[in-house]
Amino acid sequence: MAATALIVTDVQNDFCPGGALAVAGGDEIVGAINARMATADAVVLTQDWHPADHASFADNHAEAATPFSVVAMDYGPQVLWPAHCVIGSHGAAFHPGLHVNRADLVIRKGFRAAIDSYSAFFENDKVTPTGLAGYLRERGITRLQFVGLAHDFCVAWSAIDAARLGFEAEVIEAETRAIDLDGSRERARAEMRAAGVRLT
Ligand code: VGL
Ligand code: ZN
């Protein structure tokens, strides 16, 4: 049978209630994700991991940018976020209930100040690889299940890239939560379906 990896996206304090970029109900999915880890051939955790001067932070823009506004970067439009998941901070740490010891690999993303990385596979220029595809291929993994935060940004971008790279990609929606910025959740669902991602 084809080997399956569970890709647990950004289940970090800053994306959970009380965090800097809290996703409503972000902490509610931890127990189900832990249980699902037992069924996977491989478990990969992603960790949003930004330097304090990261270009995706509204505070780092001169023009008094407000969080959740969009600016043009060299690589395309970029939503500006409240500062979150700063390298080494409590907010960047995994939710304390997540079974991190089960993980085979932790892949960090967004660590270059000038470019964001929603996807676990490519930075937001859509061409700079993180190395995850090579890791999975070398292990003979062809099927990927995505859970975690946030449904409409890092989960969706990762799943779409996975499908584009030829992996069989499934998003288990009950084990995700969305930011839902101006309809981004439904837009992400349509884009995932169009890319061949299975939503279950
Ligand atoms: C995410 C916005 C900024 C995510 C990360 O994990 O979906 N969203 N950084
Ligand atoms: Zn981020």
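R139 is partly exposed, with 39% relative accessible area (buried is under 20%, exposed over 50%, partly exposed in between, with a 1.4 Å probe and protein chains only), and D104 is likewise partly exposed at 37%. The side chains of R139 and D104 meet in a salt bridge, that is, a side-chain nitrogen of Lys or Arg within 4 Å of a carboxyl oxygen of Asp or Glu. R139 lies in the loop between α2 (132-138) and β6, and D104 in the loop between β4 (76-79) and β5, so the pair ties together parts 35 residues apart in sequence.

This is a predicted model, in which local features need pLDDT of at least 70 and side-chain atom pairs count only at pLDDT 80 or more, while totals for chains, interfaces and linings use all residues. Residues are numbered from 1 along each chain as its sequence is written, and side-chain values use heavy atoms, without hydrogens and water.

The whole structure holds twelve salt bridges, among them the following.

| Pair | Closest N to O distance |
|---|---|
| K109 and D10 | 2.9 Å |
| R36 and E175 | 2.7 Å |

K109 is buried at 2% relative accessible area, as is D10 at 0%. Elsewhere, salt bridges with shared partners join E173, R185, E186 and R189 into one network.

Notes:
Chains are lettered from A and ligands numbered from 1 in the order in which they are written. Helices (H or I, at least four residues) and strands (E, at least two) are DSSP runs, numbered from the N terminus.
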